[in-house]
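The sequence and structure are shown first.

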Amino acid sequence: MFAADAMVIADVGSVRPGSPTLTVALRGSAQVIVELTTLGADKHNGLYGGAAPDARLALIRALASLHDDNGDVAVDGLMREPWTGSSYTEDEFRTLAEIRDGLPLLGTGGIGERIWSGPAITVTGIDAPPVDGAVNAVASTARAVINLRVHPRQPATEAQAALVRHLEALRPFGLQLTVTAGETGDGFAAAEGGPAFDAALSALSQSWGEPAGLMAGGGSIPLVMALDTAVPTAEKLLFGATDGYANIHGPNERVLLDELEKAVVAKALFFQEYADTFEGKK
């Protein structure tokens, strides 16, 4: 049903307006839940604080071990390598992420390495009273959800296992954590240098009038992974009408009409260029 020589997935776009870009990699994702129970119930911190083991403090200490002082992920066994394709400048990234003036970025290395070809760990949920509802108590239980973004070529289950090992080996204040592996989704790394790949780069360059570059995506596109599983031999080409400033899936998402027009022309040119490679084989 899905037999194909090449597939165009137009769910992405260029690194910036005016810079045609082919997306060649997407990071995978894995979820881990970490928790512990230290008391039969929360206890008044005036009576028990200082000796009773605080589950929330222990969890915070464990979570702090996931990064070093630079903000780089400090979990052994996770793939990371330099990114050599197109990328955002630091000023562009600061603008896109709406980082407050004067604040440092997390981690070291190039922007592409940090957000595309390296791991990222985020605490996406933690059980704790809100500040407005704070209670003077030693916490008896604590729980957090961790999301791990995985190098495009590393199996998500392998990376997840590395994170689980790291957490299980910790003993914050001498306490053992309970670590549960959650959902995983593998990343994607496109095959480069095939006839469809070359035709796509040529089409993008012709349409925009600029040399086409290569970029990656920090998030996952489940459809791409599903199609890659269904037809692993088909070339997958990710390009489209958005750009780094389109704010996809966010407020005021937009597509520039000029970029949309160029993407449509690029797709038509791709069909022509790719067909020519078959014509030459006759």
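The text below treats salt bridges, aromatic pairs and a nonpolar surface patch in turn.

The model is predicted: local features need pLDDT of at least 70, side-chain atom pairs count only at pLDDT 80 or more, and totals for chains, interfaces and linings use all residues. Residues are numbered from 1 along each chain as its sequence is written, and side-chain values use heavy atoms, with hydrogens and water left out.

**Salt bridges**

Side chains of opposite charge can pair when their charged atoms come close. The structure holds nine salt bridges, each defined as a side-chain nitrogen of Lys or Arg within 4 Å of a carboxyl oxygen of Asp or Glu. The table lists some of them.

| Salt bridge | Closest N to O distance |
|---|---|
| Arg80 – Asp72 | 3.1 Å |
| Glu81 – Arg153 | 3.1 Å |

Burial is given by relative accessible area (under 20% is buried, over 50% exposed, in between partly exposed; 1.4 Å probe, protein chains only). Asp72 is buried at 10%, whereas Arg80 is partly exposed at 33%. Together with Glu113, Asp72 and Arg80 are linked in a network of salt bridges.

Glu81 forms its salt bridge with Arg153. This pair links distant parts of the chain, 72 residues apart: Glu81 is in the loop between α2 and α3 (90–97), and Arg153 in the loop between β8 (141–150) and α5. Helices (H or I, at least four residues) and strands (E, at least two) are DSSP runs numbered from the N terminus.

**Aromatic pairs**

There are five aromatic pairs; rings of Phe, Tyr and Trp (its six-membered ring) pair if their centres lie within 6.5 Å, with planes under 30 degrees apart called stacked, over 60 edge-to-face and the rest tilted. The rings of Tyr88 and Trp116 have centres 5.8 Å apart and planes at 50°, so this pair is tilted. Tyr88 is buried at 16%, as is Trp116 at 3%. Elsewhere, ring pairs link Phe270, Phe271, Tyr274 and Phe278 into a cluster.

**Nonpolar patch**

Leu57, Ile60, Val123, Ile126 and Phe173 make a nonpolar surface patch of about 450 Å². Patch residues have over 30% relative accessible area and no salt bridge, with like charges joined within 9 Å and nonpolar side chains (Val, Leu, Ile, Met, Phe, Trp, Tyr) within 5 Å; areas come from the Shrake-Rupley method with a 1.4 Å probe, and for residues only the protein chains shown count as cover. Phe173 is exposed at 52% and is found in the loop between α5 (156–169) and β9 (178–185).
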